[in-house]
Amino acid sequence: MTTTVSNDRSTLLPAVREFLSSPRKLLIDGEWVDAQDGRTFATVDPATEEELVQVAQGSAADVDRAVAAARAAFESGPWARMTPRERSHLLWRIGDLIEAHAEELAQLEALDNGKRVEAARDGDVATAAELFRYFAGWATKMEGTTIPMSVPGRDFHAYTRREPIGVVAGIVPWNFPLLMAAFKIVPAITAGNTVVLKPAEQTPLTALRLGELLLEAGVPAGVVNVVPGYGDTGAALVDHPGVDKVAFTGSTEVGKKIAAAASGNLKKVSLELGGKAPNIIFADADLDAAVAGAVLGGYFNEGQCCVNGSRLYVQRAVFDQVIEGVAAAARAIRPGSGFDAASDMGPLVSQEQHEKVLGYIQGAVADGAVLSAGSGDRLGDRGYFVQPTLITSVTEDMAVQTDEIFGPVVTAIPFDTEDEVVAAANNTVYGLAAGVWSQDIGTAHRVGSRLRAGTVWLNTWHADDVTLPRGGFKQSGWGRELGSFGLDDYTELKTVIAELR
């Protein structure tokens with residue numbers, strides 16, 4: 001298997017070439033500024049391992065500036081006086097701007113993250129635009145309730161209000177850079193909060209371009225600030241006494257550190273963390289659909305997706321048939337540059353991630369597992385490519401079975417009974433997603449109800465919509481994002497009681 005990699009940027013839009021032609025700065029209080037200490041870092045194309053552009057590296061001092069700007073915007077100025085209807089119109093304008101610049105954003109995402117341009121445009125960018133439009137409708141619908149009180153001899157009028165929390169720190173991962181930035185920014189500003197966003201150091205470019213579009217749409221200065229940097233930048237945000245809430249998507253390990261650090265001023269925390277989703281195929285399933293679903297669920301987004309079905313459980317009677325189908329499909333996937341129309345899968349995001357994923361595969365083989373697809377070796381001599389991998393002869397205690405790998409790696413284990421597979425599926429610290437394939441609707445719903453996960457797919461995988469809540473059980477996180485539920489974690493519930501005399 002070979003890859004197609006090119007550093008020819010002749011197909012890039014002029015706007016993309018212009019964006020990459022000079023170092024990118026921090027967005028603080030509506031202005032593009034250098035880091036206070038002048039530091040920068042390189043962001044790299046994972047398909048070619050070549051530098052794309054230098055980016056300002058935020059420090060604690062820059063976080064101070066950004067938080068101060070967000071606080072001022074929240075408490076005074078045009079944002080504090082903007083009506084819900086005005087926020088609604090603003091959100092819709094942003095969605096239109098994202099759509100108008102869809103190809104540009106998709107190319108930046110493909111360069112910075114490695115994913116295919118088509119996947120970025122039709123998936124990430126399109127969904128980001130839809131998020132702004134969907135939440136535009138909620139800006140005018142954040143309602144309270146009236147509650148009757150029962151106090152003998154006295155009359156009261158009691159009601160509740162939903163109010164913004166204040167300054168929100170959004171810390172996002174590298175697997176869906178633009179979309180995850182939208183996940184944090186959209187509900188926060190819909191509710192009237194202000195934001196300091198820290199994009200992942202591997203993929204800061206679309207967050208910075210989004211910052212430009214927000215200003216173009218008319219978002220007031222200080223309402224959204226973008227401060228790229230490394231872990232110390234995120235830590236400074238989490239520790240900052242001027243931050244009222246942290247919204248984080250990333251690993252469970254980092255999520256635990258954020259939860260502990262947030263105790264300093266008891267800031268609110270919402271977390272979407274790791275996953276190790278079980279994908280269960282019963283013998284009576286539509287096997288063609290189940291195999292296709294297992295391939296999509298396992299290898300989507302280069303395997304770098306927290307809800308991917310990386311643990312495949314197949315009923316013994318059809319195990320060999322399913323494994324043969326998944327393995328054949330995995331071998332047919334063509335890794336290559338995100339700009340190559342013939343490729344089906346891009347590279348992993350970074351050298352660190354590349355080494356980590358290959359290490360897991362090689363460790364599994366050393367422990368006695370069998371590669372039914374994939375080689376466990378580096379693919380090509382340039383770029384962070386990994387062959388889609390299917391591993392059999394796996395035991396439940398192997399690291400490849402227990403740990404979130406975040407690469408195109410699927411393990412497969414046979415099972416006999418429903419109780420057996422439910423116990424195995426739930427035997428994990430994670431609980432983000434799960435899936436069941438069966439043509440018996442009773443089996444599908446019964447098993448689905450027994451799985452400890454925030455999202456359960458029945459006879460499908462990765463079906464989604466911005467109207468649906470997402471989040472996890474157990475160590476997969478706190479809170480829910482998107483849908484009407486997505487505003488709850490960005491508001492305070494106030495009770496107001498007035499005595500009527």
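Arg71 has a relative accessibility of 22% and is therefore classed as partly exposed, a term applied to values between those for buried residues (under 20% relative accessible area) and exposed residues (over 50%), computed with a 1.4 Å probe on protein chains only. The structure is a predicted model, in which local features require pLDDT of at least 70 and side-chain atom pairs count only at pLDDT 80 or more, whereas totals for chains, interfaces and linings use all residues. Residues are numbered from 1 along each chain as its sequence is written, and side-chain values use heavy atoms, with hydrogens and water left out.

The side chain of Arg71 forms a salt bridge with that of Glu75, with an N to O distance of 3.7 Å. A salt bridge is defined here as a side-chain nitrogen of Lys or Arg within 4 Å of a carboxyl oxygen of Asp or Glu. Side chains of opposite charge can pair when their charged atoms come close. Both Arg71 and Glu75 belong to helix H2, where four residues, or about one turn of the helix, separate them. Helices (H or I, at least four residues) and strands (E, at least two) are DSSP runs numbered from the N terminus. Glu75 counts as exposed because its relative accessibility is 55%.

By the same rule, the count of salt bridges comes to 30. Another of these pairs joins the side chains of Arg121 and Glu103 at 3.0 Å, N to O. Since Arg121 lies in helix H6 (residues 117–138) and Glu103 in helix H5 (residues 102–113), the pair ties together parts that are 18 residues apart in sequence. Arg121 is partly exposed at 27% relative accessibility, and Glu103 is partly exposed with a relative accessible area of 29%. A further salt bridge, at 3.2 Å from N to O, links the side chains of Glu499 and Arg501. Here Glu499 is partly exposed, with a relative accessible area of 28%, while Arg501 is exposed, with a value of 87%.

Salt bridges also link Arg24, Glu104, Arg209 and Glu212 in a network. Within this group, Arg209 is found in helix H8 (residues 205–217) and counts as buried, at 10% relative accessibility. The side chains of Arg209 and Glu104 are joined by a polar contact of 2.4 Å. A polar contact is a pair of N or O atoms within 3.5 Å; within protein, one must be able to donate a hydrogen and the other to accept it, and residues adjacent in sequence count only if both atoms are side-chain atoms. Beyond its neighbours within four places in sequence, Arg209 is in contact (heavy atoms within 4.5 Å) with Phe19, His101, Glu104, Leu105 and Leu108.

Helix H9 (residues 231–239) contains the buried residues Thr233, Gly234, Ala236, Leu237 and Val238. These residues pack against helices H2 (60–75) and H10 (252–261), and against strands E6 (167–171), E7 (194–198) and E9 (245–249).

The entry lists residues 32–496 as "domain: Aldehyde dehydrogenase". Over residues 32–496 the chain is 39% helix and 19% strand, and the end C-alpha atoms lie 41 Å apart. The UniProt annotation "active site" covers Glu272, a residue of strand E10 (residues 268–272). Glu272 counts as buried because its relative accessibility is 7%. Apart from neighbours within four places in sequence, Glu272 is in contact with Phe248, Thr249, Gly250, Cys306, Leu432, Arg470, Ser476 and Glu481.

Conventions:
UniProt positions renumbered as here; feature names shortened; annotations may be inferred.
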